[in-house]
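Please read this briefing alongside the sequence and the coordinates. The points are grouped by topic.

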There are 2 protein chains.
Amino acid sequence: MNDASAILDATGGEVGLVAWQDYVHTAPFTCEGGGALTGFTLRYESYGRLNAERSNAILICHALSGDHHAAGVHDLNDRKTGWWNTMIGPGKPIDTNEYFVLSANCLGGCQGSTGPSSINPETGRRYSLDFPVVTIRDIVHAQKLLTEHLGIKRLHAVVGGSMGGMQVLQWMIEYPEDVRLALPMATTARQNAQAIAFNEVGRSAIMQDPEWQGGDYGEGQGPHVGLAIARMMAHITYLSDRGMDDKFGRKRQAAERARELFDIEFEVESYLRYQGKSFVNRFDANTYLYFTKALDRFDLYGKNGRLEDQLDAVQCKTLVIGFKSDWLFPPKQNREIAQALLRLGKHATYAEIDSDLGHDSFLVEAPELEALIRLFLKGS
Amino acid sequence: MNDASAILDATGGEVGLVAWQDYVHTAPFTCEGGGALTGFTLRYESYGRLNAERSNAILICHALSGDHHAAGVHDLNDRKTGWWNTMIGPGKPIDTNEYFVLSANCLGGCQGSTGPSSINPETGRRYSLDFPVVTIRDIVHAQKLLTEHLGIKRLHAVVGGSMGGMQVLQWMIEYPEDVRLALPMATTARQNAQAIAFNEVGRSAIMQDPEWQGGDYGEGQGPHVGLAIARMMAHITYLSDRGMDDKFGRKRQAAERARELFDIEFEVESYLRYQGKSFVNRFDANTYLYFTKALDRFDLYGKNGRLEDQLDAVQCKTLVIGFKSDWLFPPKQNREIAQALLRLGKHATYAEIDSDLGHDSFLVEAPELEALIRLFLKGS
């Protein structure tokens, strides 16, 4: 992807150079938990053209560590394309020749949208933990305001995996008339105890890092060690036992003395260290706290334990995709969503993809996944 | 177990009050990795009586966070019994009316056996990272010296789960003539990439805690935060998805504001915090580094990737037990051990227990497990 001509080659399926934009919402915004903002910014990108009827928009919802930059490059020197570049582009499954593809950094994020690392206009200082608690519903509410701002009444589709899948589910419930097709994948209608437990370990690592300072760290500062630990651990939950064996097995780097041995011996260790370190450079620790908490509080089963109570409002067609080796949000949790929709007489399908790549399967190029998405988006 | 009369009631199956002893090995001991000790101490306990033929000894091998205190209590005020008290006692599956049950804290440990927190007689200071790298083989070698010291030539059985199971496997290979029955459970013949990855995150949390100080912390000091994080994460891998849902689900404690929310909201979070904190009070961080490294380096498949090459020496009868919901050392990895033994024409059986309690299933009272162990130890 480092070859400029390839990146710019629209006939080769690339969206090429892209630029983000900011949507500035100037009215007060009250969060589900009761906290409020005097306004907010959502940073977003779009690929393809909105048609005259404004009926061809597809909203892409990102996962915990994702952002608005879903496809293309910002600069010809960029070594990395957007996080779903394999999926989005001219002729690709999410075809920018046909659709207007919209992708926004979530409210509470740290890639340009208003979040705990933004300046609170009321104090002139970073929000830090004064930022209101945000939920998946708040994130979706802010996305809805963006689509209204763009003059889009009804979305052709809402698509996302993991935390993005939760946003898709929330859209289905919250704005049933405004979604034609919904494509949640590698997700859950309710965060279970094990997933909460992993998030809690990550939060503990962050909050017990002395550099966290109660959340009041400055720009470029913060609990880098704790955030890297959190990311390393979480990264294991995004892969699979078999996938890790295939990729790393027990391959070693040279190390003999105790001090070196404990530091690094196996390649999988080196890989995880790298994942932790690079994450710290691009992600804010407080956003990690807010987003993992939004995940943990997500529960469409509600107090009655009946998913149907919430899904009863749904009007769109839904395709839920689960991945066989995903043990963070296993197939069962994805299947249950489609089953509840079917019990309600809704138009829903469940597809399970046999991949060894664990939870992250939805991010990886795979013909079967691409064919499923391409076909479903045609709305046939 | 807080009722003194019940604890002392041998007819009720309790070993009652027990005391540890120290075996002091005064000759030099060279480790597999080349490091050496001028001598070492193994702290151990025994339950039941060694018969005149010295043929009724069962060695219990403990897991990563275990110790020599496998059964009974040290004091009538003890609120907790030894870690396998459900299994060991008069009339229990490992029946102290019949067997002399021996349990030693592993070499490298922190509960009385020589380890990195012990004083190095050559310097008068704690070994810390000057302690030689120990392997499962070294741990077993030290156990062999203890049994020789006690005049036991041949063990009736060697029994252990998890890291204890690795020791059982090593005994089978290392001293084939000296083991009559072997009972490894919830274990593996080779630590795979995912298990190494989890250990690496734990080690990172410990070594990046500023209080670790390159391993040179004093008694009662050390990387308490990092060790607690490591333990919290590891603890999740000892349970199962379903087991955690059954035990905790999404039960909450009261918390509303962001700061409290991030601290603790769900019961599973509170449980994990407790596990982390209590571990720090009883375990040494450097031992955690040494033992997790011993786990990670354990690989009976060797360079040729053939488990049979190592197991060819085995002479004992073997029962391998796997647990259906164990995803740290899943059934497949346990089954493979029995299969390799059978391919070699050895006397081996594999049993799989359908438990929802994950890796820790072997530690929990369960009639099926107890019946299997009881029957197998009869050697029939």
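Is Ser162(A) buried or exposed? Ser162(A) is buried, as its relative accessible area is 8%; buried means under 20% relative accessible area, exposed over 50%, and partly exposed in between, with a 1.4 Å probe and protein chains only. This is a predicted model, in which local features need pLDDT of at least 70, side-chain atom pairs count only at pLDDT 80 or more, and totals for chains, interfaces and linings use all residues. Residues are numbered from 1 along each chain as its sequence is written, chains are lettered from A and ligands numbered from 1 in the order in which they are written, and side-chain values use heavy atoms, with hydrogens and water left out.

**Annotated active site, chain A**

- An unreviewed UniProt entry places the feature "active site" at Ser162(A), Asp326(A) and His359(A); UniProt positions follow the numbering used here, feature names are shortened, and annotations may be inferred rather than shown by experiment.
- These positions are spread over 198 residues of sequence but cluster in space, with a largest C-alpha distance of 10.5 Å.
- Ser162(A) sits in the loop between β11 (155-161) and α3 (163-174) of chain A, where helices (H or I, at least four residues) and strands (E, at least two) are DSSP runs numbered from the N terminus.
- Leaving aside neighbours within four places in sequence, the contacts of Ser162(A) include Met185(A), Phe329(A) and His359(A); contact means heavy atoms within 4.5 Å.
- Asp326(A) belongs to the loop between β13 and α11 of chain A and is buried, at a relative accessible area of 2%.
- Not counting residues up to four places away in sequence, Asp326(A) touches Ala186(A), Pro331(A), Gly358(A) and His359(A).

**Strands around β13(A)**

- Six of the seven residues of strand β13 (residues 317-323) of chain A are buried, so this strand is largely enclosed by the rest of the structure.
- Strand β12 (residues 179-185) of chain A pairs with β13(A) in the parallel sense over three bridges; two strands pair if DSSP finds at least two bridges between them.
- Met185(A) has Ile321(A) as its bridge partner in β13(A).
- β13(A) also pairs in the parallel sense with strand β14 (residues 348-353) of chain A, over six bridges, and Val320(A) has Tyr350(A) as its bridge partner in β14(A).
- From β13(A) the chain crosses through helix α11 (residues 331-343) of chain A to β14(A) in a right-handed β-α-β crossover; right-handed means that, with the strands pointing away from the viewer, the path from the first strand over the helix to the second runs clockwise.

- Arg231(A) is part of helix α5 (residues 224-238) of chain A and counts as buried at 8% relative accessibility.
- Asp360(A) lies in the loop between β14 and α12 (367-377) of chain A and counts as buried at 16% relative accessibility.
- Tyr238(A) is among the residues that Arg231(A) touches, not counting residues up to four places away in sequence; under that exclusion, Asp360(A) touches Tyr238(A) and Leu239(A).

**A loop residue in chain B**

- Ser118(B) is in the loop between β8 (100-104) and β9 (119-120) of chain B and counts as buried at 18% relative accessibility.
- Leaving aside neighbours within four places in sequence, Ser118(B) is in contact with Ser113(B), Arg125(B), Arg126(B) and Tyr127(B).
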